[in-house]
Amino acid sequence: MTLTDFARRVTDSDTCTVTGSGAAGPDAGAAPGATGQAPAPVVGADAAVSRAVGREADGLAVGSFVLGLVGLLVFNVLLGPTAIVMALLALARRTRRRGRALLGLALGVADLVVLAVLVTGNGAVAWNFGG
């Protein structure tokens, strides 16, 4: 059974038809929710796509945080910009982990600041703790 088959089954079993005098009442042309009823929930393939995009955005937020944190110690020239891009993508896709995405963005910027300070001090992109 594929995901689309499951979506069709859920959609087919959730549909109902109203017959009789309530079928075409005075509010038949009104917008959903105008009669006090809650709008129909998103079911099927749309909900699955929404959850997949949400999970992907959450993963981007966590990834940007981790890369920004690791970038403070090593490879900040690569990990800093990557953390920034991933955080911006997560925020654009409306992640539920907004705080983590913002923290990843801040850590990515901090990576670049650390890189700028070390390059200014050493005069080269390569740096070490030795002395």
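Analyst: Helices α2 (45–71) and α3 (76–92) each supply at least two residues of the nonpolar patch; helices here are DSSP runs of H or I with at least four residues, strands are runs of E with at least two, and both are numbered from the N terminus. The model is a predicted one, in which local features need pLDDT of at least 70 and side-chain atom pairs count only at pLDDT 80 or more, while totals for chains, interfaces and linings use all residues. Residues are numbered from 1 along each chain as its sequence is written, and side-chain values use heavy atoms, with hydrogens and water left out.

The patch on the surface is formed by Val66, Val70, Leu73, Val74, Phe75, Val77 and Leu78, which together have about 660 Å² of accessible area (Shrake-Rupley method, 1.4 Å probe, only the protein chains shown counting as cover for residues). Patch residues have over 30% relative accessible area and no salt bridge; like charges are joined within 9 Å, and nonpolar side chains (Val, Leu, Ile, Met, Phe, Trp, Tyr) within 5 Å. A salt bridge is a side-chain nitrogen of Lys or Arg within 4 Å of a carboxyl oxygen of Asp or Glu.

One of the patch residues, Val66, lies in α2. Val66 counts as partly exposed because its relative accessibility is 40% (buried is under 20%, exposed over 50%, partly exposed in between, with a 1.4 Å probe and protein chains only). Phe65 is also placed in α2, and a relative accessible area of 23% makes Phe65 partly exposed. In sequence Phe65 stands 38 residues from Leu103, yet their C-alpha atoms are 6.2 Å apart in space.

The other contributor to the patch, α3, packs against α4 (residues 98–122) at an angle of about 155°, with an axis separation of 8 Å; axes are lines fitted to C-alpha atoms, for helices over the stretch in contact, and angles between N-to-C directions run from 0 to 180 degrees. The pair is therefore roughly antiparallel (over 145 degrees; under 35 is roughly parallel, 65 to 115 roughly perpendicular, and the rest oblique). Their crossing is left-handed, that is, the near helix is turned anticlockwise from the far one by less than a right angle, clockwise being right-handed.

Leu105, in α4, is partly exposed, with a relative accessible area of 22%. Between Leu105 and Ile84 there are 4.9 Å from C-alpha to C-alpha and a sequence separation of 21 residues.

As for the chain, its secondary structure comes to 4 helices and 0 strands, and 22% of its 131 residues are buried.
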